[in-house]
Amino acid sequence: MIEVRNLTKIYTAPGQKIVALDDVSLRVEKGEIFGIIGLSGAGKSTLIRCINMLEKPTRGSVFVDGVEITALNEKELRRARQKIGMIFQHFNLLSSRTVFDNVMFPLEIAGIPRKQAAERVRELLDLVGLADKADVYPAQLSGGQKQRVGIARALASSPKLLLSDEATSALDPQTTRSILNLLKDINRKFNLTILLITHDMNVIKEACDRVAVIADSRIVEVGNVLDVFSNP
Ligand code: ADP
Ligand code: ADP
């Protein structure tokens with residue numbers, strides 16, 4: 001589902017060069033929940049931002065579902081991004097819109113007819129267990145509920161890949177568990193591939209099939225979670 005080949009990302013700021021990713025290669029198979037763990041500054045966000053092309057790599061290529069997304073023009077990229085959903089640490093909801101209208105937003109942008117889109121939003125809110133919160137505003141929700149809205153919004157276009165950038169880092173352990181369980185349910189139900197980045201080993205242990213450890217801009221280990229974190 002994802003193939004990253006020899007990816008290097010160098011940020012240039014006046015007077016300095018920051019190598020955020022140094023020749024990183026990685027394969028994530030269809031239907032996997034794959035975790036990337038590393039300390040702050042290791043390069044996790046940069047990697048995920050290169051996979052959805054929010055960031056342009058300095059060198060190397062990224063394939064998503066067989067498409068070389070690093071070779072696309074803007075228009076092609078907009079279409080390719082429909083296949084990729086994303087959730088965030090701070091949820092990134094629109095505070096002036098209701099829960100319903102937040103989930104509606106990507107469908108509006110995609111030009112889906114209102115009636116059909118509304119039906120889809122109901123389905124998605126049902127899926128994440130928030131059918132009864134359609135008409136409230138994000139400020140009235142708990143953190144876990146906000147992330148459920150984020151998940152519903154990310155799934156609106158039926159993506160093949162879901163990217164999670166520290167999606168549980170702002171949540172308490174119990175809420176984290178419930179969000180990870182939801183992600184596991186969705187993974188099974190839709191055979192949706194999930195790539196998540198985290199600094200929290202418990203998230204990897206609870207949710208992931210395989211894991212890559214990233215340190216100082218490089219992947220230093222990849223394998224099954226049980227193998228990587230077992231103490232020989
Ligand atoms: P992580 O997500 O693991 O915390 P990041 O990918 O955010 O790591 O950062 C990797 C390195 O790149 C860090 O040294 C960070 O300061 C630097 N970096 C990240 N984004 C930028 C940017 N837009 N401009 C310059 N440097 C950046
Ligand atoms: P199909 O193979 O016909 O697409 P699925 O079993 O994949 O059927 O999907 C059934 C329902 O689940 C449809 O309503 C579809 O929109 C929805 N669905 C499929 N994939 C996803 C996804 N990744 N995220 C959210 N909804 C999805």
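Visitor: Which backbone atom does a nitrogen atom of ligand 2 meet at 2.7 Å, that is, from which residue?

Guide: This is a predicted model, so please read the distances as computed from predicted coordinates. A nitrogen atom of ligand 2 is 2.7 Å from a polar backbone atom, and the residue that supplies this atom is Pro159.

Visitor: How much of ligand 2 does the protein cover?

Guide: On its own, ligand 2 has 540 Å² of accessible area.

Visitor: What residues are around ligand 2, and how do they divide by class?

Guide: The residues around this ligand are Arg120, Glu123, Leu155, Ser158, Pro159, Phe190 and Leu192. By class, they divide into 4 nonpolar, 1 polar and 2 charged.

Visitor: Which residues line the second largest pocket?

Guide: That pocket holds about 200 Å³ of space. Its lining has 6 nonpolar, 2 polar and 4 charged residues. By name they are Lys30, Arg120, Glu123, Leu124, Leu127, Leu155, Ser158, Pro159, Lys160, Phe190, Asn191 and Leu192.

Visitor: Which helix gives the largest share of the lining of the second largest pocket?

Guide: The share in question is 4 residues. They come from the helix that covers residues 114-127, which is helix 4.

Visitor: Let us turn to the other ligand. Which residues are around ligand 1?

Guide: By class, the shell has 5 nonpolar, 5 polar and 1 charged residues. The residues are Tyr11, Ile18, Ala20, Leu39, Ser40, Gly41, Ala42, Gly43, Lys44, Ser45 and Thr46.

Visitor: Which element gives the most to the shell around ligand 1?

Guide: Strand 2 (16-28) and helix 1 (44-51) each supply at least two residues of that shell. The one that gives the most, with 3 residues, is helix 1.

Visitor: Which residue has a polar side-chain atom 2.9 Å from an oxygen atom of ligand 1?

Guide: Backbone atoms also take part here, with a polar one of Gly41 at 2.6 Å from an oxygen atom of ligand 1. A backbone N or O atom of Ser45 lies 2.8 Å from an oxygen atom of the ligand. The side-chain atom at 2.9 Å belongs to Lys44.

Visitor: What part of the accessible area of ligand 1 does the protein cover?

Guide: Taken on its own, ligand 1 has 560 Å² of accessible area. The protein covers 61%.

Visitor: Which element gives the most to the lining of the largest pocket?

Guide: The largest pocket has a volume of about 680 Å³, and it is lined by 18 residues, with Arg81, Ile84, Gly85, Met86 and Pro106 nearest its centre. Helix 2 (74-81), strand 6 (84-88), helix 3 (99-109) and helix 5 (143-155) each supply at least two lining residues. With 4 residues, the element that gives the most is strand 6.

Visitor: How many nonpolar residues does the lining of the largest pocket have?

Guide: Besides the nonpolar residues, the lining has 5 polar and 3 charged ones. The nonpolar count is 10.

Visitor: Where does the largest share of the lining of the largest cavity come from?

Guide: The count comes to 1 cavity of 30 Å³ or more, and about 50 Å³ of space lies in the largest cavity. Its lining residues include Ser164, Glu166, Leu180 and Val203. Helix 6 (173-190) and strand 8 (193-198) each give two or more residues to that lining. The largest share, 3 residues, comes from strand 8.

Visitor: Why is the chain as compact as a globular protein of its length?

Guide: The chain has 8 helices and 10 strands. For 232 residues the globule rule gives 17 Å, and the chain is as compact as a globular protein of that length because its radius of gyration is close to this, at 18 Å.

How values were computed. Residues are numbered from 1 along each chain as its sequence is written. Chains are lettered from A and ligands numbered from 1 in the order in which they are written. This is a predicted model: local features need pLDDT of at least 70, side-chain atom pairs count only at pLDDT 80 or more; totals for chains, interfaces and linings use all residues. Side-chain values use heavy atoms; hydrogens and water are left out. A residue is near a molecule or strand if one of its heavy atoms lies within 4 Å of it. A polar contact is a pair of N or O atoms within 3.5 Å; within protein, one must be able to donate a hydrogen and the other to accept it, and residues adjacent in sequence count only if both atoms are side-chain atoms. Accessible areas come from the Shrake-Rupley method with a 1.4 Å probe; for residues, only the protein chains shown count as cover. Ala, Val, Leu, Ile, Met, Phe, Trp, Tyr, Cys and Pro count as nonpolar, Asp, Glu, Lys and Arg as charged, and the others, Gly among them, as polar. On a 1 Å grid over the protein atoms alone, a cavity is a set of points where a 1.4 Å probe fits but cannot get out, and a pocket is an open set with protein on both sides within 12 Å along at least five of seven lines; lining residues have an atom within 4 Å of a point. Grid points are joined across faces, edges and corners, and a volume is the space filled by probe spheres set on the points. The radius of gyration is taken over C-alpha atoms; the globule rule is 2.2 Å times the number of residues to the power 0.38.
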